[in-house]
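Try each one yourself before reading the solution.

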Amino acid sequence: MKSLLPVKKIAIFASGNGTNAENVIKYFSGGDKGGEVCLVVCNRPDAFVLRRAAILGVPSVVMSKTQINTPELLLGLMNEYEVDIIVLAGFLLMVPGFLIERYGGRIVNIHPSLLPKFGGKGMYGRYVHEAVVEAGETETGITVHMVSERYDEGRIIFQARTAVGPCDTASDVESAIHELEREHYARVIDETFCCSNKL
């Protein structure tokens with residue numbers, strides 16, 4: 001049944017391959033959810049996420065680091081698309097403070113570890129999985145959290161765990177993490193921002 005509540009407009013910020021972005025777009029594309037992805041913002045013109053967005057019919061804009069850090073440009077873009085919620089999906093730049101101020105409590109990120117472990121600047125993707133294996137961790141997981149002005153330190157919304165075996169490689173861990181991301185990220189976004197019309 002289609003929701004009678006106003007649909008929240010979601011902008012996805014991404015830098016790379018775009019698997020999480022694709023999952024979120026598909027999740028909200030059925031017309032029966034309280035949100036819809038209206039825009040993908042990317043800082044790399046060669047990122048595969050741009051192709052995924054095009055295939056799925058979602059507009060995308062490429063912005064340089066300088067442009068992203070220019071308030072009138074980035075906030076102007078958010079206003080143009082009437083963005084309510086910002087979802088980070090493998091976005092490797094620091095979110096500018098003026099955007100956090102405008103969208104306080106409405107910018108969410110997913111991190112491929114159980115924060116506060118293996119977080120901070122430079123800890124993303126494969127680097128996290130390699131660090132988990134090298135540390136001899138017996139479990140890892142994903143953390144969905146609000147974005148603050150410090151890397152990976154915003155309020156935690158949700159965590160999911162997976163075991164790490166003694167013979168697991170970084171690739172094994174990466175595969176397990178991708179499964180958790182597919183299973184949970186879009187749903188947590190929906191439950192946090194859209195279903196109960198919290199904004």
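This is a predicted model: local features need pLDDT of at least 70, side-chain atom pairs count only at pLDDT 80 or more; totals for chains, interfaces and linings use all residues.

**Exercise 1. Work out the strand order of the open sheet and find which strands are at the edges.**

Solution. Start by tracing the seven strands: the order is S3-S2-S1-S4-S5-S6-S7, and the pairing is mixed. Next, look for strands that pair on one side only; these are S3 (60–62) and S7 (156–163). Then step across the sheet, and you'll get an average twist of 20° from one strand to the next. For a closer look, go to S4 (residues 85–88) and S5: they run parallel and are joined by two bridges. Here Ile86 stands opposite Ile107 of S5. Last, find what sits on the sheet: helix H4 (residues 71–80) packs there, touching S1, S2, S3 and S4, and its direction makes about 155° with that of S2.

**Exercise 2. Is His145 buried or exposed, and what is it in contact with?**

Solution. First place the residue: His145 belongs to strand S6 (residues 139–146). Now check accessibility. His145 comes out at 2% relative accessibility, so it counts as buried, the cut-off being under 20%. Then list its partners, skipping neighbours within four places in sequence: they include Ile107, Val108, Asn109 and His111, and also Asp152, Gly154 and Arg155.

**Exercise 3. Describe how H6 and H7 pack.**

Solution. Take the geometry first: H6 (residues 126–134) and H7 meet at about 120°, with axes 9 Å apart. That angle makes H6 oblique to H7. The crossing is right-handed.

**Exercise 4. Follow Val24 from its helix into the largest nonpolar core.**

Solution. Begin with helix H1 (residues 19–27), where Val24 is buried along with Asn20, Ala21, Glu22 and Ile25. The buried residues of H1 pack against S1, S2, H2, S5 and H7. Zoom in on Val24: beyond neighbours within four places in sequence, its contacts are Ile12, Val37, Tyr185, Ala186 and Ile189. Now step back to the core, which has 38 residues; Val24 is among those touching the most other members, as are Ile12, Val49, Val87, Tyr185 and Ile189. Helix H7 (residues 170–194) gives the largest share of this core, nine residues.

Terms used
Residues are numbered from 1 along each chain as its sequence is written. Side-chain values use heavy atoms; hydrogens and water are left out. A nonpolar core is a set of buried Ala, Val, Leu, Ile, Met, Phe, Trp, Tyr and Cys residues joined through side-chain atoms within 4.5 Å. Buried means under 20% relative accessible area, exposed over 50%, partly exposed in between (1.4 Å probe, protein chains only). Helices (H or I, at least four residues) and strands (E, at least two) are DSSP runs, numbered from the N terminus. Contact means heavy atoms within 4.5 Å. Two strands pair if DSSP finds at least two bridges between them. Axes are lines fitted to C-alpha atoms, for helices over the stretch in contact, and angles run from 0 to 180 degrees between N-to-C directions. Angles under 35 degrees count as roughly parallel, over 145 as roughly antiparallel, 65 to 115 as roughly perpendicular and the rest as oblique. A crossing is left-handed if the near helix is turned anticlockwise from the far one by less than a right angle, and right-handed if clockwise.
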